[in-house]
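Subject: Structure handover

Hi,

Here is the structure I promised to pass on to you.

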Amino acid sequence: MGLVLAGGLSRRMGGGDKPLRVLAGRTLLERVAERLAPQCAGGLVLSANGDPARFQAVFSGAVLPDTIPDHPGPLAGLLAGMEAAAERPGLTHVASVPGDAPFLPHDFVARLVAAAAAEGRPIALAASGERRHFTSALWPVALRDDLRGWLERGERRVGGFIERHRAAVASWPVEPVDPFLNLNAPEDLAAAEAMLARCP
């Protein structure tokens, strides 16, 4: 199952739902979902708090609120995704991506699955250039109880949870466009429009 993480406060983008910002006529969420959906036979869900109706025009999957109070960050969204996947027969993994990464690679899930199998690790995460992307990763649903306990102890760091279980890494080149580029500020949207022509 694919999980789009959209629970951030988007302060640098001026607040509101960053995945609903428009890039070249389409929302970031539409662009992320278009790239991730064909890779996830179990469908897509969205992690977001508040009124889910605001996403209905551009996203047809379920919108999952945090199941841990006080908005503890992306791990809470991941937990909600894992718990939703656990209720569906046959779903063993969740592939998570941020909702502001419109250049997501078309082989994202396949390469993470291969990396986890090759290295014998429970988690696989993406990297580009010298940077690892902790929220662009493949997670086994079997870790959900451990993740809930981690959060209930007050832990918040995604990297800390990854270190706890160890992860395989799949790397992508950053040219012609970094496939895991996050659009964090208004000027990033303008730059990304120029990049669209270079990223099929």
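This is a predicted model: local features need pLDDT of at least 70, side-chain atom pairs count only at pLDDT 80 or more; totals for chains, interfaces and linings use all residues.

Helix α1

Helix α1 spans residues 28-36, and seven of its nine residues are buried, so the rest of the structure largely encloses it. The buried ones are Leu28, Leu29, Arg31, Val32, Ala33, Arg35 and Leu36. A salt bridge would need a nitrogen and a carboxyl oxygen within 4 Å. What the side chain of arginine 31 does reach is the backbone oxygen of alanine 24, at 3.3 Å. Leaving aside residues up to four places away in sequence, arginine 31 touches Leu23, Ala24, Arg26, Pro102 and Leu196.

Glutamate 34 does have a salt bridge, with arginine 26, where the closest N and O atoms are 3.3 Å apart. Arginine 26 is partly exposed at 27% relative accessible area, and glutamate 34 is also partly exposed, at 48%.

Aromatic pairs

The whole structure holds five aromatic pairs. In one of them, the ring centres of phenylalanine 108 and tryptophan 172 are 6.4 Å apart and the planes meet at 35 degrees, so this pair is tilted. It connects helix α3 (residues 108-119) with strand β9 (residues 167-172), the two residues being 64 apart in the chain. Both phenylalanine 108 and tryptophan 172 are buried. Ring pairs also bring in Phe180, giving a cluster of Phe108, Trp172 and Phe180.

Salt bridges

There are six salt bridges in total. One joins aspartate 17 to arginine 54, with 2.6 Å between the closest N and O atoms. Aspartate 17 is in the loop between β1 and β2 and arginine 54 in the loop between β4 and β5, so the pair ties together parts 37 residues apart in sequence.

Another joins aspartate 100 to lysine 18 at 2.7 Å. Here the loop between β6 and α3 meets the loop between β1 and β2, so parts 82 residues apart in sequence are tied together. Aspartate 100 is buried, with a relative accessible area of 5%, and lysine 18 is buried too, at 13%.

Best wishes

Key:
Residues are numbered from 1 along each chain as its sequence is written. Side-chain values use heavy atoms; hydrogens and water are left out. Buried means under 20% relative accessible area, exposed over 50%, partly exposed in between (1.4 Å probe, protein chains only). Helices (H or I, at least four residues) and strands (E, at least two) are DSSP runs, numbered from the N terminus. A polar contact is a pair of N or O atoms within 3.5 Å; within protein, one must be able to donate a hydrogen and the other to accept it, and residues adjacent in sequence count only if both atoms are side-chain atoms. Contact means heavy atoms within 4.5 Å. Rings of Phe, Tyr and Trp (its six-membered ring) pair if their centres lie within 6.5 Å; planes under 30 degrees apart count as stacked, over 60 as edge-to-face and the rest as tilted. A salt bridge is a side-chain nitrogen of Lys or Arg within 4 Å of a carboxyl oxygen of Asp or Glu.
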